[in-house]
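Here is a brief report for a reader new to this structure. Look over the sequence and the model, then read on.

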Amino acid sequence: MTAQLVIRSADAHDLRDLAQLMLASGHGVVELLYEGLFPDHDLIDILIERRLRNPASFAHLSNWRVACLGAGPVEGAVCALPFAVYERLTGDPLITPERLAPIQELIDLDAGLAGTFCLTNIAVWPSGRGKGIGQALLADTAIRARAAGFDRIGLSTFGDDPAVMGFYRRAGFRLIGTAPLRPHPRIDAQGHWAILDWTFNTPTV
Ligand SMILES: CC(C)(COP(=O)(O)OP(=O)(O)OC[C@H]1O[C@@H](n2cnc3c(N)ncnc32)[C@H](O)[C@@H]1OP(=O)(O)O)[C@@H](O)C(=O)NCCC(=O)NCCS
């Protein structure tokens, strides 16, 4: 018998999984931003303290949902929040404009997500991919968005990655903007950044 997929709010037991999944969803961008800042510390511990446990970070634990098979371990996770809140919260004050320079085109493009419920990170462990877990996390995000008064989810991503773009298009996302992705040895992607949105039906009661 196959265990049922359960999607729940993340809690403190999930911190290490979330930090790893955040790295997986960033394709090297997170590593680039923190490179050399804390040479004696593990990046996972840094992300837990500076992002996941930090209420001033958009990636605070409270914005994550996790997918598990039955009572099993975490298979994947998604982080999302209203864009207006995302925009207000600092990523990390230690990440200076100089550090952000390689992704400045992405930061500028993100302004096009105003008014959306913004999905900032999503990832599924490689062993669980292709089984519908990612789509279930998107459906769960739509329910959260609707509960918060939104009918549109927005996100930015790697516009020339066929697997990622195929995944979002399958759910109903459409392309609303692109910007060149500056080649960088740390970033495991090339071509363009893309912003996408998905307007889902608001139920009429
Ligand atoms: C993107 C990701 C979250 C998808 O999760 P998933 O659980 O594998 O996705 P699902 O099984 O729900 O959906 C798979 C769908 O994606 C699409 N897809 C997957 N690979 C594809 C490819 N190479 N080309 C086109 N479409 C593809 C298909 O529509 C597929 O549906 P199908 O199997 O019915 O054809 C997962 O692949 C992942 O963690 N990737 C690494 C992290 C990442 O890139 N995150 C997004 C960054 S913004």
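## Overall build

Of the 205 residues in the protein chain, 36% count as buried. Buried means 20 or more other C-beta atoms within 10 Å of a residue's own, exposed means 12 or fewer, and partly exposed lies in between, with C-beta atoms placed from the backbone. This is a predicted model: local features need pLDDT of at least 70, side-chain atom pairs count only at pLDDT 80 or more, and totals for chains, interfaces and linings use all residues. Residues are numbered from 1 along each chain as its sequence is written.

The protein chain holds 8 helices and 7 strands. Both are DSSP runs, numbered from the N terminus: helices are H or I with at least four residues, strands are E with at least two. Along its principal axes the C-alpha trace spans about 50 × 35 × 30 Å.

## Around the ligand

Which residues come nearest to the ligand? They are R129, G134, Q135, G166 and R170, out of 19 residues around the ligand. A residue is near if its C-beta atom, placed from the backbone, lies within 6 Å. Two or more residues of this shell come from each of α1, β4 (117–124), α7 (133–147) and α8 (162–171). The largest share, 6 residues, belongs to α8.

By class, the shell has 9 nonpolar, 7 polar and 3 charged residues. Ala, Val, Leu, Ile, Met, Phe, Trp, Tyr, Cys and Pro count as nonpolar; Asp, Glu, Lys and Arg count as charged; the others, Gly among them, count as polar.

## Where α1 meets α3

The axes of α1 and α3 (residues 43–52) come within 9 Å and cross at roughly 100 degrees. The two helices are therefore roughly perpendicular. That label covers 65 to 115 degrees; under 35 is roughly parallel, over 145 roughly antiparallel, and the rest oblique. Axes are lines fitted to C-alpha atoms, for helices over the stretch in contact, and angles run from 0 to 180 degrees between N-to-C directions.

From α1, the contact uses L15, R16, L18, A19, Q20 and M22; from α3, it uses I44, L47, I48 and L52. By class, the contact has 8 nonpolar, 1 polar and 1 charged residues.

H27 sits in the loop between α1 (15–26) and α2 (29–34). Its phi is near 50 degrees, a positive value in a residue other than glycine. Most residues other than glycine have a negative phi. H27 counts as partly exposed because 18 C-beta neighbours lie inside 10 Å.

I95 lies in the loop between α4 (83–88) and α5 (97–100). I95 has 15 other C-beta atoms within 10 Å, so it is partly exposed. Setting aside residues up to four places away in sequence, I95 touches L33 and L100. I133 belongs to helix α7. Again leaving aside neighbours within four places, I133 contacts L5, A67, E75, G76, V124 and G128.

Terms used:
Contact = placed C-beta atoms within 7 Å.
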